Amino acid sequence: MEDMRLADRTASARENKITARGVQVYYGTNHAIKDVDVDIADRTVTAFIGPSGCGKSTFLRCLNRMNDTIPICRVEGRIEIDGEDIYDKRVDPVQLRARVGMVFQKPNPFPKSIYDNVAYGPRIHGLTRNRAELDEVVEKSLRRAALWNEVKDRLTSPGTGLSGGQQQRLCIARAVATSPEVLLMDEPCSALDPIATAQVEELIDELRENFSVVIVTHSMQQAARVSQRTAFFHLGNLVEFGETGQIFTNPRDPRTEAYITGRIG
Amino acid sequence: MSEQHILRAFDRDLEAVQGLVMRMGGMVETAILDAAEALAARDEDMAEKVRAGDKAIDALEEKINEETARLIALRAPAASDLRTALSVLKIASSLERVGDFAKNMAKRTTVLSQMHDIPGAGGALKRMSKAVVQMLSDALDAYNSRDVALAEDVRARDREVDQMYTALFREFLTHMMEDPRNITPCMHLHFIAKNIERMGDHATTISEQVIYLVTGAMPEESRPKADSVTTAGIEGK
């Protein structure tokens, strides 16, 4: 089963980018994530699947401390990126989020020009020294997001004037503009049509050459198409985590089987 | 997986295509038994009936392939559902081959009926056919009830069919050495015996599909073989 996708055999040989051990998340008294251990490989697409409320988005948001913004949320356990504890007091969450970018379900471009949307991150983090460098970063990011050719002649138009699929790719360009090491995607295609979805999926596949991508998706077919490793969450537990081909042909846990085959689990 | 799909039409599709496989299995079993009976009784009409009946078996395989392709395209089966779809294709393909062997037996029967009888051959081939039909029937039962133990039993039984074939091979060789006029009928009878032995291999393949379907992995250890024909004729064998 390791050989399901020959091109991706190297996936298992990649080094771990993110290591999570004994992660617990509470929303007030609700125990949302129960003792999750997971290793996310570098330059690999990892998909989190599971029914609504299973904790997959909550866990994703732990990886760049987005849960810090929710007052009743408490995170325990240890999450390391390249061996560094991201919940350490010395870690600045804003700096962390420059390294761990995020793309959300609904495209949410800023009410600014296409150019300024992409330039936003590099500007606030002071990543460029002059206008020429910034221009370069914007172009490179838009090219990476497969959007450059469609918008290069109207960089000053508002980002909100683009189509849904273009807006989502703009958000991806914005996320990659700070050269993050990890890209988190929370259902990035659920508001897109099939063509735009295919474009974003193609983009995800290209992004994994440089980034570690973690994607939460409700579409099992999408998880199967874009990821090399798949994690199945259920009721706050990480039930099964393995090579995507193995999960979709021969899952080991009956709960995974019931979920991916569309049975009442 | 005994639980039902949330989408019940998916269950109906899977059941329908597996139903076609079981129907095909029944037709193939009948074809083998009829072909063996025709051979033993030198019944040309019955042999002709078997030859004509193969078309329906082939058509059913085509229908199974089409329905399974539809199921894969429309339902995107995963895990045990995917294995079911794949095993359906493989089993239908094996059954189609077995049907061809039965048809070939019937064809040779038409020729053999014109020649002098080789005593005992018809009865021996009929016994061998019955053993193979039992294997096939058990393999399909194992498939229907997802019974790995029964599937393993079928795999083990292939050894007996191999032994029957080896014994017949030696017997035909003896007849041919005794009298050259036996060569033509014995060559035909030998091909029939070999084809029945191949049917046993297909029953074994079906059993292996059952094991794959249930466990997600093909059986690893190689099964016992008792076909020593490939070395027969060498001094001392």
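Okay, before anything else, one term: buried area is the accessible area that two parts lose on being put together, summed over both. Keep that in mind, and keep in mind too that this is a predicted model.

So, let's start with where chain B meets chain A. The area buried between the two is about 1200 Å², and carbon and sulfur atoms give 52% of that. Who takes part? Chain A brings 14 residues to the contact, and chain B brings 16.

Now the polar side of things. Between chain B and chain A, nine residue pairs are in polar contact, counting pairs with both residues at pLDDT 80 or more. As for salt bridges, the rule finds one across this interface. Which side chains make it? They're A:Arg263 and B:Asp81, at 2.9 Å, N to O.

Staying on chain B, which helix gives the most to the side that touches chain A? That's helix 3, residues 79–112, with five residues. And if you sort that side of chain B by class, you get eight nonpolar, five polar and three charged residues.

Okay, let's move to one residue in chain B, B:Ser207. You'll find B:Ser207 in helix 6, which covers residues 183–215 of chain B. Is B:Ser207 buried or exposed? Its relative accessible area is 0%, so B:Ser207 counts as buried; the cut-off for that is under 20%.

And what is around it? If you skip the neighbours within four places in sequence, B:Ser207 is in contact with B:Ala139, B:Ala151, B:Val154 and B:Arg155.

Conventions
Residues numbered from 1 in each chain as written. Chains lettered and ligands numbered in written order. Predicted model: local features only at pLDDT ≥ 70, side-chain atom pairs only at ≥ 80, totals over all residues. Heavy atoms only, no water. Helix = DSSP H or I, 4+ residues; strand = E, 2+ residues; numbered from the N terminus. Buried < 20%, exposed > 50% of the residue type's maximum accessible area, 1.4 Å probe, protein only. Contact = heavy atoms within 4.5 Å. Buried area = accessible area lost by both parts, 1.4 Å probe. Salt bridge = Lys/Arg side-chain N within 4 Å of Asp/Glu carboxyl O. Polar contact = N/O pair within 3.5 Å; in protein donor to acceptor, adjacent residues only side chain to side chain. Nonpolar A, V, L, I, M, F, W, Y, C, P; charged D, E, K, R; others polar.
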